[in-house]
Amino acid sequence: MSCPRCETPLEAGDLRCAVCALPVPISDDGPAVARAEILRCTECGAAVAFDASRGSPACVFCGAAMAIEHPADPIEVASKRLPFTVDRVAAATALRGWLGNRGWFAPDALRDEATIDSVHPLCWAAWIVGATAQVAWTADSDAGAGRSAWAPQAGVESIAFDDIVVSASRGISTREHAALVPHYDLATAVPVGDAGVPAESFDVQRSAARRQVHAAIDAIARTQVKRAIPGRRYRNVRVSCLLQRQTTERVALPAWVMSYRFRGAPYRAIVHGQRPDVVVGSAPTDWRKVMWVALTAALVLAAILVIVLRA
């Protein structure tokens, strides 16, 4: 179904058009959407579809206990998924390599003494957004500035936004999302089917995520309009986007969620499901090295101060 005013595709659960905000007529003619039982993590809030035959009471993201929830609204699932190209062994090897490259402030024995507690494949939830928008922009640049350093500039650009990935996951943090998303090959997407891998559920409707989608579009527009700004230098770039069309697909993105311990303390890391060289997570810090650097810096500063005072 499309919006009768701007023809933007509408999704189940939309109360208004994502582009022009026209109220969506309520219809009972569509197929009934099945309700689902989900397992909700009691700590981080992540949700996965409940399957008693293979379900685990522990959250894949953080390991906390999960509780069965019976939501009143339909729980939607991804229509497409990206396949795993990294297997379990490669993921564990990638984690070991990552632990060995945590920098000088990491414990020297981190790679050798860390023990991997769990390695879980998971497809986390995300939207793939496409849009077309008229982008009005203003900026200051050195073009036509004359005797001044800056001159005001403005313009309007029609920009198409393709394959914007917006997280719909409660278990993936903003930092993890930023590290993982650029390395997914979206062209490899296939119908979901039965991959045999837990998939995070979309317990947030697209209409509730519009702020995230529009923020992502604004950020990309701010980067793209810089090519239209005349001159060699510019500042104070501002944009205003008027959406003309927006489409959304729900996709499941592959990742290996791993937990490990170092000297009794637990940590979490995520290995990219398609690129083993992309790992993001938490790691311990050797605070003795930090204190040694701080003490050395303080001694050097004190020595410089003594020299200055004597001079």
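User: Why does D117 count as partly exposed?

Analyst: This is a predicted model, in which local features need pLDDT of at least 70, side-chain atom pairs count only at pLDDT 80 or more, and totals for chains, interfaces and linings use all residues. Residues are numbered from 1 along each chain as its sequence is written, and side-chain values use heavy atoms, with hydrogens and water left out. Buried means under 20% relative accessible area, exposed over 50%, and partly exposed in between (1.4 Å probe, protein chains only). D117 has 43% relative accessibility, so it counts as partly exposed.

User: What makes D117 and R261 a salt bridge?

Analyst: The term requires a side-chain nitrogen of Lys or Arg within 4 Å of a carboxyl oxygen of Asp or Glu. In the pair of D117 and R261, the closest N and O atoms are 2.9 Å apart, and a salt bridge is assigned. D117 belongs to strand β5 and R261 to strand β8, so the pair ties together parts that are 144 residues apart in sequence. Strands (E, at least two residues) and helices (H or I, at least four) are DSSP runs, numbered from the N terminus.

User: Which residue forms a salt bridge with D140, and is D140 buried or exposed?

Analyst: The partner of D140 is R235, with the closest N and O atoms 3.3 Å apart. The relative accessibility of D140 is 17%, so D140 counts as buried. R235, in contrast, has a relative accessible area of 38% and is partly exposed.

User: How do you know that the buried residues of α1 lie on the same side?

Analyst: The buried residues of α1 are A91, A94, L95, W98 and L99. They cover an arc of only 135° around the axis, which puts them on the same side of the helix; the arc is that of the directions from the helix axis to the C-beta atoms. The face turned away from that buried side carries the exposed residues V89 and T93.

User: What does the span of α1 come to against the expected value?

Analyst: Helix α1 (residues 88-99) has twelve residues and reaches 17 Å from its first C-alpha to its last, close to the expected 16 Å. The expected span is 1.5 Å times one less than the number of residues.

User: How many salt bridges does the rule give in total?

Analyst: The count comes to nine salt bridges. One of them joins K80 to E249, whose closest N and O atoms are 3.1 Å apart.
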